[in-house]
Every structure is written in C-alpha cells, then in structure tokens.
Amino acid sequence: MYALTPRCNLPSLRRAPPPCRAATPTTPAISAPPSRADPDELRSTWPQRAWTLAGSAAVLSSLSASASLAADSGSYAEPIAAALAAYSLADLATGVYHWLVDNYGDASTPLVGAQIAAFQGHHRHPTTITRREPCNNLHALARAIAFALPAVEAAVTAAHAPAAAHAFAGTFAACVVLSQQFHSWAHEKRRRLPPGVEALQTAGVLVSRSQHAAHHRQPYSTNYCIVSGMWNGVLDRSRVFEALEMVVFLRTGVRPRSWDETETAWMEETGEATAATAGNDSS
C-alpha cells in the first residue's frame, strides 16, 4: 500500500536553472482569471431546453416502467430499496466526477474539457451558478442521460429485469441530472431558496450550504459530493481521494491541482466570498 505523503512535503517538479547561468528571481506566471458570465450566457436557450426535456423524458420513461412492473407484481419494496440505493450511489458518483474534473485535465481535454473549464471557473465565481436558468444549468448532464439511459433501459428490458432495475436506473439518472440544481442551491442565500429546500438541506437529504462551503476553501480537496453529501465525511476521513491522487502521481507523474499553490483562477473574489467561502447560513 502506498504511504500518503503530506501535501506540503511533496517534491517540487520545477526544474532548477541551468548551471551555467545565475538564477534570477522570476515572477510566477498568473493565469488570466475567467471573466464573469455575460447575462445572456446565463439564460436558457431553446437547444438547452430541448436537451433538458429529452433527459427528463428518459428519466420519466424509466420510472414509469418501474412503476408499471411493480404494479403488476404487487410488490413495491424492491423498487423503493433500489431507488434509495441509486440515490446514495449517485452522491458518490458526483463526488468522484467532481474530484476528477477539479484536479485533472483542462479545457482541451476531449469530451469533458468544457466541464473542466466550467468547474475551474466556478471556483472563481461560485455564485454565478445561482443566477443560471434551470435548463442552462442542467442541459449538459441531461443530454448525457438522454443518450445513455435509453440504451440502459433497452438492455434491462431485453433481460426481462424486474421493476427494481428500472427504478435504480431512473433514480440514478435523475439524481445525476439534478445534482447541478442541488449544487446551485448549496450556493444560494437562505432567503432565496425555494420552499422546503432548506429543510431538506438541514435533514441531509440535499447537500447543505454549510457543508459545500468547505469545498470552496483551500486547498479545495474535500466535500466533492453534491447530491446529499452523505459520502463526504467517509471519503474525507478515509482520505480516499488523497490515496487515489498518490496512485495517479506514482504511476503517471501527474500532480492534482489541489497539491500545488492555488492559482489565481481558483481564488474567490471578495464580493462572492459570502455565500461559498464563509458558509454563513444565516444570510
């Protein structure tokens, strides 16, 4: 098993100056911070609405198939248990994905480059997500579900799987798509939350503002899960992501972003620190 090395003691990968030259002080290059989103970029477009509708239709079709099979069998316990399991695993899945895009790759990474850039920009402007219209915020995940879930449902149906299988697939997909909305509410001020959301956050059904605020404090390496946050404590106490980072580093030499000094693009601006960094739930 790999021994976990404290972050501050990891060897630097920067090269020393050539021996024939005297080392001269240099100013570290600072990446240009992402600009604030234009108001038009926060509004939902018709293609975004269409993808969100398509993803929602796929989820509803899956859950309807589960309900129909459960009604025919007269047993609802298994589908409900499967849905609860999917809800829990969706929280874990969002944490793993969030960890990956926060720490590895860049805007040029195939398939997920845009999301990597968006998540890094989110650390600079964390409350921008609260100003996005719903379909603007959800369409990317909904589009993935619109393609993936029907294929899963076709395979499940062909295998004559029980209602529980459809319930698991539909609930998992729904939680993944809605995780961005739960994420948005974790940055929203209390007085602007929809009725009932604060109670769900307090109960641990949805990730809370105070819990997610810890993710927006340096070194941005904890509390990655954004459905309910139920896995955050286990993952952070067990240092699971630190272990995975060490494995990746020893195998590839690639350092996660959280190991290095925080880039300017990851630092919150003063005006936006209240909701995400201070974690003041009384606002």
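How many helices and how many strands are there in the protein chain? There are eleven helices and zero strands, where helices (H or I, at least four residues) and strands (E, at least two) are DSSP runs numbered from the N terminus. This is a predicted model, in which local features need pLDDT of at least 70 and side-chain atom pairs count only at pLDDT 80 or more, while totals for chains, interfaces and linings use all residues. Residues are numbered from 1 along each chain as its sequence is written, and side-chain values use heavy atoms, with hydrogens and water left out.

Let us start with the chain as a whole. Of its 283 residues, 41% count as buried; buried means under 20% relative accessible area, exposed over 50%, and partly exposed in between, with a 1.4 Å probe and protein chains only. A contact means heavy atoms within 4.5 Å. Among contacts with a separation of 6 or more, 75% link residues 24 or more positions apart. The accessible surface comes to about 15400 Å², and carbon and sulfur atoms hold 63% of that; such areas come from the Shrake-Rupley method with a 1.4 Å probe, and for residues only the protein chains shown count as cover.

Now look at helix α6 (residues 163–185), which holds His-166. With a relative accessibility of 3%, His-166 counts as buried. Leaving aside residues up to four places away in sequence, His-166 touches Ser-62, Ala-65, Ser-66, Leu-69, Glu-153, Val-156, Thr-157 and Ala-161.

Further along comes α10 (residues 240–252). Phe-241, Glu-245, Met-246 and Phe-249 are buried in α10. They cover an arc of only 140° around the axis, so they sit on the same side of α10; the arc is that of the directions from the helix axis to the C-beta atoms. The cover over these buried residues includes α3 and α9 (232–237). After α10 comes Gly-253, with a positive phi near 80°.

Two residues other than glycine also have positive phi. Leu-111, with phi near 70°, lies in the loop between α3 and α4 (113–124) and is exposed at 90% relative accessibility. Asn-223, at about 55°, lies in the loop between α8 (209–213) and α9 and is buried, with a relative accessible area of 11%.

Next, the charged pairs. Side chains of opposite charge can pair when their charged atoms come close. A salt bridge here is a side-chain nitrogen of Lys or Arg within 4 Å of a carboxyl oxygen of Asp or Glu, and the count comes to five. One of them joins Glu-188 and Arg-192, with the closest N and O atoms 3.7 Å apart; Glu-188 is buried at 8% relative accessibility, whereas Arg-192 is exposed at 52%. Another joins Arg-190 to Glu-198 at 2.9 Å, N to O. Arg-190 is partly exposed at 36%, and Glu-198 is partly exposed at 32%.

Finally, turn to the surface. Tyr-76, Ile-80 and Leu-84 form a nonpolar patch there, with about 330 Å² of accessible area together. Patches are made of residues with over 30% relative accessible area and no salt bridge, with like charges joined within 9 Å and nonpolar side chains (Val, Leu, Ile, Met, Phe, Trp, Tyr) within 5 Å. Tyr-76 lies in the loop between α2 (46–73) and α3 (77–103), and is partly exposed at 46% relative accessible area.
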